[in-house]
Amino acid sequence: MVWLSGKWRLWDQFAVRGAGFPAAGVLRLAEEGLAAAADRLDAGLSGPAWDVFEKQFATTAVETAVELQAIASSPGFRAAVEWQNSTIWRTGIESFLRWEPSVAGRTSKPRQREELVAQYWQRFCVKNDTIGFFGPVGWGRWDESASGVQVEPGSGLITTSNVYFASWAVDALARAISADPRCLNWVAPRRVPFVRVIGDLAHLPGRSPQMIPAELRPVLERCDGVRSAQEIQQELGPTIDVAAAVSELVRLKVLVWRLDVPASARPERYLRTWLASVGDTGLREQWLTRLDELERGRERVRTSSAAELPAELASLESDFTTMTGAAATRAKGTNTAPCRGLVYSDCVRAARARLGTAMLADLSPIDLLLTSATWLTARLADTVLGHARRVHTGLAAAGPVDLAAFWFACMPILHGSAVAEAAALRRELSTRWARVLDVPDGARRVRLSSVDIADRVRDEFGDPAPGWGMARYLSPDLFIVPGTETEWVLGELHVASNTLGASLFVNQHPASDELLDETAADFPGPRLLPMLPKEHKSRLSARIRYTLDRPEDYYVALVDQTVAPERERAVLSADVLVEARGDRLVAVLPDGAEFDVLDAFGHVLTTLAMDSFRIMPDTDHSPRVTVDKLVVARESWSVPVESLSFVSEKSEARRFVRTRRWRDELRLPRFVFVVSPGEPRPFYVDFDAPVYVNIFAKAMRRLASQDPGGRLSITEMLPSPEQAWLTDDKGNRYTSELRFVAVHR
């Protein structure tokens with residue numbers, strides 16, 4: 001085992017998140033000498049020198065367009081775009097490739113398409129995404145025998161490519177099967193998770209109990225989500241019309257009777273198992289044949305070349321629409337997870353990394369950060385529990401309190417006051433860290449010793465215990481800056497979350513049982529895990545749902561029943577009691593097992609806390625802060641969009657020069673990442689590359705039109721593209737970050 005300190009164990013393994021195209025790719029779009037020529041111009045931007053520069057800029061713009069066409073015409077780039085958004089290729093990039101670049105021909109539409117290609121290119125080259133071959137999942141280990149950072153490049157970029165159906169697509173297929181009138185007889189009805197049945201009464205949160213007619217009770221007792229309506233009919237005999245009884249119980253909102261597919265990375269496997277159990281030969285064979293057809297299409301997609309991929313994706317989508325009557329892609333902006341396509345790909349990087357355990361000494365300052373993050377979870381838990389105890393006291397006055405009623409009564413807290421309180425805790429965390437760091441006004445580089453600030457951290461944050469079970473986990477993203485003195489850089493610190501437990505990591509691990517062994521070391525006993533919806537906006541999807549569960553762990557269905565009903569130790573919230581134990585509230589399961597009730601709320605609490613770790617306050621400028629050899633905060637700027645008048649400059653050449661002068665005034669580095677409220681994700685800017693300056697200017701104009709009082713956040717890129725150390729077998733270098741798991745003792 002690897003121990004960071006007496007409080008924190010690091011998992012032996014870590015993920016290597018890296019781009020799928022070499023980092024040097026983005027440097028192809030910055031013409032050498034152009035930036036220096038721009039910086040030599042006098043303030044007036046007129047006269048002979050300006051005329052010469054304008055011509056140089058126009059020539060360079062055409063050369064950049066040619067370079068972008070070369071990039072876009074490469075098979076790898078096309079395949080990556082097809083996986084992301086095949087429509088974009090057909091509507092934007094194909095026409096860009098047919099265009100012949102010239103100074104006069106660079107009208108508005110071709111420039112838009114230049115920027116489109118450049119936007120995708122920066123994502124593929126310098127964003128450490130984890131998706132497809134353009135963001136493959138890599139792995140590494142701590143190794144006592146290794147010296148520093150060692151890379152075993154393997155063969156090629158990836159070793160394995162997996163293609164998965166999106167969960168919504170399999171759900172659409174299940175709905176199509178359900179539309180067949182022969183289907184329902186073979187579906188197992190189940191009780192709504194938050195309906196508690198006591199005697200002849202059904203209790204729903206917030207509603208008066210309703211009587212269950214005597215003739216329906218024998219059917220209700222057998223509706224466990226495992227036995228089909230046909231099986232229940234066989235048990236009860238012909239004297240009871242089970243289908244009619246179930247339909248009435250559905251009308252009373254006591255039962256659910258539909259073909260639901262549990263959440264998983266391979267939902268089609270459950271659907272196949274269900275179809276195999278259907279006693280109606282015609283129904284079974286018809287839909288098994290169709291499922292076979294879709295799976296063969298998916299396999300053709302997986303094994304297709306870059307040139308074949310568009311046709312195979314189109315063929316699969318056509319077959320899907322014919323079978324289900326549903327569109328093969330989902331509209332952007334719906335209240336769903338970001339997976340809009342019918343299938344998605346995850347790949348395993350060939351390169352493996354090894355870190356010498358001697359490097360742990362350089363990571364010692366992270367103990368201070370983890371302590372403060374734990375303080376955050378402890379304070380959030382105390383705040384929510386204080387509200388929850390008052391809710392419980394009110395409910396308990398009327399009798400025993402079940403978890404379903406308690407959950408619904410706490411919703412105004414979890415999605416109301418707790419949101420504001422979590423934001424306040426984030427600000428307080430930054431305030432306390434400001435006292436710890438005591439950064440001088442105007443500083444750009446601050447270096448501190450962990451020994452010097454350790455007492456201050458203890459004074460501000462104490463020695464807290466994690467607020468709930470899964471809050472024992474903290475997942476830091478760390479960069480390595482190679483050099484004579486290797487330096488670490490903290491990216492994000494994911495609070496109350498084991499991000500390596502996400503499906504996309506577990507299913508791309510060469511031996512996932514090893515991750516389960518790590519989990520068993522962290523939690524020797526069973527855990528209580530909430531069943532989560534299949535997806536919700538950007539926070540939840542089949543790819544990122546936690547999957548490191550074990551048979552001994554319990555699942556509780558609060559609202560959504562997304563675990564296979566056959567699974568042992570899966571309980572309904574209505575069957576769980578919430579009881580007071582001094583200052584604690586515990587969930588008492590039907591078999592007598594007890595857990596802290598906040599474990600059932602764990603996902604909501606983690607959602608509140610996960611992205612709350614910011615040690616620097618929201619100010620116009622924050623310096624780079626280094627503690628020992630760990631950069632705990634990169635230099636950053638917060639800029640009002642109203643101050644960026646130069647982005648509206650019509651002339652590309654003038655806009656480029658004026659942007660560089662603004663950059664010099666703020667002393668921004670060449671490479672940065674920008675976060676704008678008007679953009680869906682952070683984007684890279686190279687101030688030496690006109691096309692990226694154009695993208696930056698357009699994003700700022702968009703923000704100004706949406707929110708004139710808005711601000712953008714700019715952060716130095718550290719490490720920069722030239723400092724990439726992750727290599728493949730051809731010597732190409734890729735940007736990367738290491739994702740670790742730390743667990744509190």
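A crossing of two helices is called right-handed if the near helix is turned clockwise from the far one by less than a right angle, and left-handed if anticlockwise. I needed that before starting on the helix pairs. I also noted that this is a predicted model.

**Entry 1: helix 12 and helix 13**

I looked up how helix 12 passes helix 13, and the crossing is right-handed. The two helices pack at an angle of about 150°, and their axes are 9 Å apart. Angles over 145 degrees count as roughly antiparallel, so helix 12 is roughly antiparallel to helix 13. I then sorted the residues of this contact by type: 20 are nonpolar, five are polar and five are charged.

Strand 21, residues 584-588, pairs with strand 22 over three bridges in the antiparallel sense. In this pairing I found A587 opposite F595 of strand 22.

**Entry 2: helix 2 and helix 3**

Helix 2 packs against helix 3 (residues 75-98) at an angle of about 135°, with the axes 11 Å apart. The two helices are therefore oblique to each other. Their crossing is left-handed. From helix 2, I listed A65, L68, Q69, I71 and A72 as the residues that make the contact. From helix 3, I listed F77, R78, W89, I93, F96 and L97. By type, the residues of this contact are nine nonpolar, one polar and one charged.

**Entry 3: two positive phi values**

I looked up L45, which is not a glycine but has a positive phi of about 50°. L45 sits in the loop between helix 1 (34-39) and helix 2 (48-72). Is L45 buried or exposed? Its relative accessibility is 6%, and the cut-off for buried is under 20%, so L45 counts as buried.

D438 was next. This residue, also other than glycine, has a positive phi near 50°. I placed D438 in the loop between helix 13 (403-437) and strand 14 (445-448). At 57% relative accessibility, D438 counts as exposed, because the cut-off for exposed is over 50%.

**Entry 4: a cis peptide bond**

I checked the peptide bond from L718 to P719 and found it cis, with omega near 0°. P719 is in the loop between strand 29 (711-716) and strand 30 (726-727).

**Entry 5: the surroundings of C125**

I located C125 in helix 4, residues 108-126. Its relative accessible area is 0%, so C125 is buried. What does C125 touch, leaving out residues up to four places away in sequence? I wrote down A19, F21, P22, A23, G25, V26 and T735. I looked at G25 again: it is 100 residues from C125 along the chain, and the C-alpha atoms of the two are separated by 6.3 Å.

Methods:
Residues are numbered from 1 along each chain as its sequence is written. This is a predicted model: local features need pLDDT of at least 70, side-chain atom pairs count only at pLDDT 80 or more; totals for chains, interfaces and linings use all residues. Side-chain values use heavy atoms; hydrogens and water are left out. Helices (H or I, at least four residues) and strands (E, at least two) are DSSP runs, numbered from the N terminus. Buried means under 20% relative accessible area, exposed over 50%, partly exposed in between (1.4 Å probe, protein chains only). Two strands pair if DSSP finds at least two bridges between them. Axes are lines fitted to C-alpha atoms, for helices over the stretch in contact, and angles run from 0 to 180 degrees between N-to-C directions. Angles under 35 degrees count as roughly parallel, over 145 as roughly antiparallel, 65 to 115 as roughly perpendicular and the rest as oblique. Ala, Val, Leu, Ile, Met, Phe, Trp, Tyr, Cys and Pro count as nonpolar, Asp, Glu, Lys and Arg as charged, and the others, Gly among them, as polar. Contact means heavy atoms within 4.5 Å.
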